[in-house]
Amino acid sequence: MSLRPPVSLDHPLRPELERRERARLACDERAEEERWPPPPHDPRERDLALSVAGWEVRLFGGRKFEYFVARGFWHLQLWHPAARASVLTPSRLTRGLYEAYPIANWKAQAPDYDQLAALVAGLFAAELPEKSAVLRLERALVTEVVRGSGGVLS
């Protein structure tokens, strides 16, 4: 005869199941975290301002706004949630260039919109907004903001 008590099917081993469920959830959270781009392309760092052609226009608020504008780092981010693609407009942060992510699993830069569009053509699951729309956004949300604040133009 065995010295072990009989196993009851009415009372499953809850601690083991709970431990496995916690481990699964932690794994899911790590996988979700790894899907976000690295800074400065992580859209969670900025606030949603508006949407254009399926792209979210995202900007810093609060203290980050003050810091970035005054030092010439002010820019806007175009974020496409479905494509998980990010574009930063030129500023001192990107050495005066557009910066796109992901390009070959990292960042790539272009000196102007036309070269940016050529760089990302076919790589993103979404087309960039039209050039005129992006330039209007840059003028209204970057250039005019910096000029009005007395900050350094990027």
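Biologist: Which residues of α4 are called buried in this predicted model, and what makes them so?

Modeller: Buried means under 20% relative accessible area. Ala133, Val134, Leu137, Glu138, Val142 and Val146 of α4 are buried, so each of these residues falls under that cut-off.

Biologist: What covers the buried residues of α4?

Modeller: The cover includes the strands β1 (47–52), β2 (55–59), β3 (77–80) and β5 (98–103), together with the helices α2 (62–70) and α3 (113–120).

Biologist: How do you know that the span of α4 agrees with its number of residues?

Modeller: Helix α4 covers residues 131–149, which is 19 residues, and at 1.5 Å a residue it should span 27 Å. Its end C-alpha atoms are 26 Å apart, so the two values agree. There is also a kink of about 35° in α4, centred on Arg139. Just after the helix, Gly150 has a positive phi of about 80°.

Biologist: Which residues touch the most other members of the largest nonpolar core?

Modeller: Trp55, Trp74, Val87, Leu116 and Phe124 do, out of 30 residues in that core. The elements that each supply at least two residues include β2, β4 (85–88) and α3. With five residues, α4 gives the most.

Biologist: Why are β2 and β3 called paired?

Modeller: Pairing needs at least two bridges. β2 and β3 have three, in the antiparallel sense, so they pair. Val57 has Leu78 in β3 as its bridge partner.

Biologist: What makes β3 and β4 a pair?

Modeller: Four bridges join these antiparallel strands, against a requirement of at least two, so they pair as well. Leu78 is bridged to Val87 in β4. The two strands form a hairpin with four residues between them, and Arg84 in the turn has a positive phi of about 55°.

Notes: Residues are numbered from 1 along each chain as its sequence is written. This is a predicted model: local features need pLDDT of at least 70, side-chain atom pairs count only at pLDDT 80 or more; totals for chains, interfaces and linings use all residues. Side-chain values use heavy atoms; hydrogens and water are left out. The expected span of a helix is 1.5 Å times one less than its number of residues. The bend at a residue is the angle between axes fitted to the seven residues ending there and the seven starting there. Buried means under 20% relative accessible area, exposed over 50%, partly exposed in between (1.4 Å probe, protein chains only). Contact means heavy atoms within 4.5 Å. A nonpolar core is a set of buried Ala, Val, Leu, Ile, Met, Phe, Trp, Tyr and Cys residues joined through side-chain atoms within 4.5 Å.
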